[in-house]
Amino acid sequence: MTIQLKKLIFVTLVFFQLGVIVAQKKPYENPEIFRVGLEPNHATIVPHWNAFDALTAKYLESDQIKSLNGDWKFKFVEGKENIPQGFEKPTYDVSSWDDIKVPSNWERQGFGIPIYANTNMDIEPDDVGCYRFNVNIPRTDLINKRVFLYFTGVRTGMHTYVNGEEMGYSEGVALPVEFDITKQLQSGENTIAVKVYRKATSVILENEDYWRLSGIFRDVYLVFRSPTYVEDFEVNGDMNGNWKVKARIINKQDNPYRGLQLTARLYDANENEVATQSVPVSDLLKNASDEVEMTTKVEDIKLWSAEKPNLYRTVLELTQNGNTLEAMACNTGFRTVKLENELLLVNGQSVRIKGVNAYGWDGKNAQASSYETLEKEVVLMKQNNINAVRACFYPAHPYFLELCDKYGIYMMDEAGIETHYQGDYHNLPEWKGTHLDRVQRMLERDKNHPSVIIWSCGNETLVGDNTEATYHWLKQRDPSRLVYNDAEDKTHQLEVSSDILGHGYVNYEKLMRHFGTKGKSVIVKEYAHSMGNATGQLDQLWDVMRDPKYKKLQGGFIWDFVDQGWEMEKDGKTFYDYGKLSGKTMQEHFCINGIVQPDRKPTPKLIQVKKVYADIKFEAISIENLKFKVTNYAYFTNLEDYNFKWELLVDGKKTSEGNFDVSLVPQSDKEITLNIPASALQAKGEKLINFRAFTKEAQLGIPANHEIAWEQIPLAAFKSEKATLTNKIKVSEKGEIVVVKNKKSTFTFNKKTGGLTSWIANGTEVLAEAPIINTWRSVTDNDISGWGGSYVEYFDKWNKAGLNTTTNTLKEIKVDKNTIVVKSELTAKSKALFELEITYEFTANSGLKISTKAIPTKRLLSFNMTDIPRFGWDVTLTNPYNNVTWYGRGPHENYIDRNSSTLVAEYNATIDELHTPYIFPQANGNHTDTRWMETRTKKGNGLHFTLEKEKNELYNFTASPYSETDLDNAEHTIDLKKDGNVHLHIDYKHSGVGNMPRHKRPEHVVPVEEMEFSLIIDPVK
């Protein structure tokens, strides 16, 4: 043990002893009191009476564990002065109290006010939750036993009592809290009482971007143990097969204990014993302990990684003269994590972190997610190519870590420390103890999980003595993992101790320029802020991440996985809130930034993440010779584990397909040649080839034949349709009305406005409103966010120009026997933004060709816009036309900077299915690279839309049951009301969604420039 580590441990003990001395003096007001009466820190231990049960039992399934989860009696009070005096005594009558579910946040159960905040410090009200629970314990369960009361997660401060006697005090969110309550228990009924303080000193260090909630929100249970037991143990397995076990055995009975032995057995996934080692334990006097250690080398070991989570179980058995006192087990993964040449290595490979940030949030249960929800979350991650999680901003649930071990997820386990760069808590000596306590409790609890490869000292703090102490303690206590320290020095004069850099939200130009080739490895702690309709530019970012020139870029964690929505109900409909209706929000809906919804329902963002995170890539080498390159970005997986398929599409329809094999070692590429029948390639039309990769065999969480990667490569280009015009029309004028008739259609124009006010096709009115040129879309969160300057760069300019209030002001209309030409201005605030010339011609299919030319005015140019939301036609159709067929990218919503996960093909959907229900309503449902699209009634009548352009340009479309105004005005999905129309947008150009807080790429915007295009609309039947 180093001198520095001894000093850190001494400091911790001093603070602990100080806490014991002054524990009665309002500990929730004293930063130096954070734990009183707690058992020493240790790994998660689930004891059993025999080794077989330890091997086979699931988490917390044991005859030695008695769950206290369930209904507790509960009294909520505002202000500590209103705590019922003496309620902790068994004689106090609580029969009139409310019932509350444990585990839960009491705000989710209807007590107090839930608050969402990001940067606001110390805003919690002075609420207190008074808990009571009676548990019956038979006399036989107390004979020759030690009994412990264990809390897995409580926020914020807590006093605990057993049968009226105070056991101690603890602070710190999601930290283990354990008391030895042996002496306080009696046979029969026992009363457990807890005071939980919402406002305690430690909220200063819990200034995280999340819901500020309270209560006993994780499991509570009793642990019955032998009086001589394993107090702590640590297991490590490395890539060379070295299996090391340490344990501390303690005797808590009056008599000495002799003849003790600790045996460790290693079992593989099939429960076959593969190694055994034993060590005698010294004779133990009362309250004496002995630390033992054993190491052996295991041959032919299978290594653990996120790709290949080969998991073993270590079973410890403590015996006395051959009789089992207790047994316990933990997951064991043989892997080596180290820092070499400033790179994170797992089993010798510089793996890339394809991660997400995850709270374990649940829309119904808030921070008290069920085991089923946690497992559903991990499985969803695995099926979508996510290989890592940052446990923001406090230690993950122990069961979640079990799942990460099992399914294969790298974990950055994070201590609950964040001041959001405020105050001097990083330096004040009275705060050092609680800083250290938080990282110590985390590490000691989670040290046996192979999934944990990085310890995090916390989030968004300032560099100082206290934050530096957390890094050095973690690093010296556990050199087998990396340590990340997110502390910053605003003066740029102090160096932060950290094994890696985690710069959040940097763009890829900066990554390439400053971090990619020298210095420490970069694993971005937060990036791709996915608030609302977002997560653009992910392809470009990962092109840089995977570029061999930038080896120091090792991935990062998307912000974040789950929308922190608060489930509510109104008028029988379920929706999600963000504090506006359910409680209080300090940052509007800034908590709604997941790639899945609170019930784990995927959004289009998740599909894009799956595509970009895939370890398999296909590229064209020679289209003529059907030669392609396959790249394997995995580190431990040969591509022979997958089945591969090619599909040939002609004009959006699959015409032929075949299978092929690829054997390719990790981190390499090879050329392949496809054998596609010549007859299939001779078909006329646009030809596209799809590559698909599927799992051959079922894996944990991933079924066989699960698609893991895909790509589409064009073989022959698309050619746009050309309109066939006709002069076989009849034009009549009466006053301000112009009527044009042909075989199947009647068009009515208004000479006063220049608009097409009616179109009767096949005997049915098509239009609900006159089509208009539009530049506006309902603003996305990235459009309007003040963070990163988006508000100033985008929305503020759009708003000042009045893009959301534009009207068409007629200048001139000319009618001849074949053509109607409308010259007008797109105006806002009585000022012209675009000069428009719109020419209506009539097709032989009884349709329209609308040629549009737009020239921006000096006024519009004066706003110096780099982007406008869209440019195209808004066509509001009557209700029957709500079935959509299109040839373009799909099937899910996509934008110019978030469309690589889609494939060009022919698709069908209703307008309801095309709507993406973002929790905070905003623009959604766009589809890029559209060749043509149709809206039809149930009977099959409809309209066919395409562009006519020499460059064969493609277009965007959105078809929605809601108008842009409806989306802009709504604050929740429950606010959206259908008006019975089909709101169709045919956009010549449509802006990307961006990647906050960075601006959109130049190639993803709609520039303010002259635009010209022709739209063809024909009736179909």
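Predicted model: local features only at pLDDT ≥ 70, side-chain atom pairs only at ≥ 80, totals over all residues.

Residues are numbered from 1 along each chain as its sequence is written, and side-chain values use heavy atoms, with hydrogens and water left out. The structure holds 66 salt bridges, a salt bridge being a side-chain nitrogen of Lys or Arg within 4 Å of a carboxyl oxygen of Asp or Glu.

**A pair between two loops**

- K199 forms a salt bridge with D122, and their closest N and O atoms are 2.7 Å apart.
- Because K199 lies in the loop between β12 (188–197) and β13 (210–212) and D122 in the loop between β5 (115–117) and β6 (127–137), the pair ties together parts that are 77 residues apart in sequence; strands (E, at least two residues) are DSSP runs numbered from the N terminus.
- K199 is partly exposed at a relative accessible area of 24%, and D122 is partly exposed at 34%, where partly exposed lies between buried (under 20% relative accessible area) and exposed (over 50%), using a 1.4 Å probe and protein chains only.

**A pair involving strand β59**

- E1009 forms a salt bridge with K989, with the closest N and O atoms 3.1 Å apart.
- E1009 is in the loop between β59 (982–990) and β60 (1011–1020), whereas K989 is in strand β59, 20 residues apart.
- E1009 is partly exposed at 32% relative accessibility, and K989 is partly exposed at 22%.

**A network**

- Salt bridges with shared partners join R390, E414, E460, D486, K525 and E526 into one network.

How values were computed:
Helix = DSSP H or I, 4+ residues; strand = E, 2+ residues; numbered from the N terminus.
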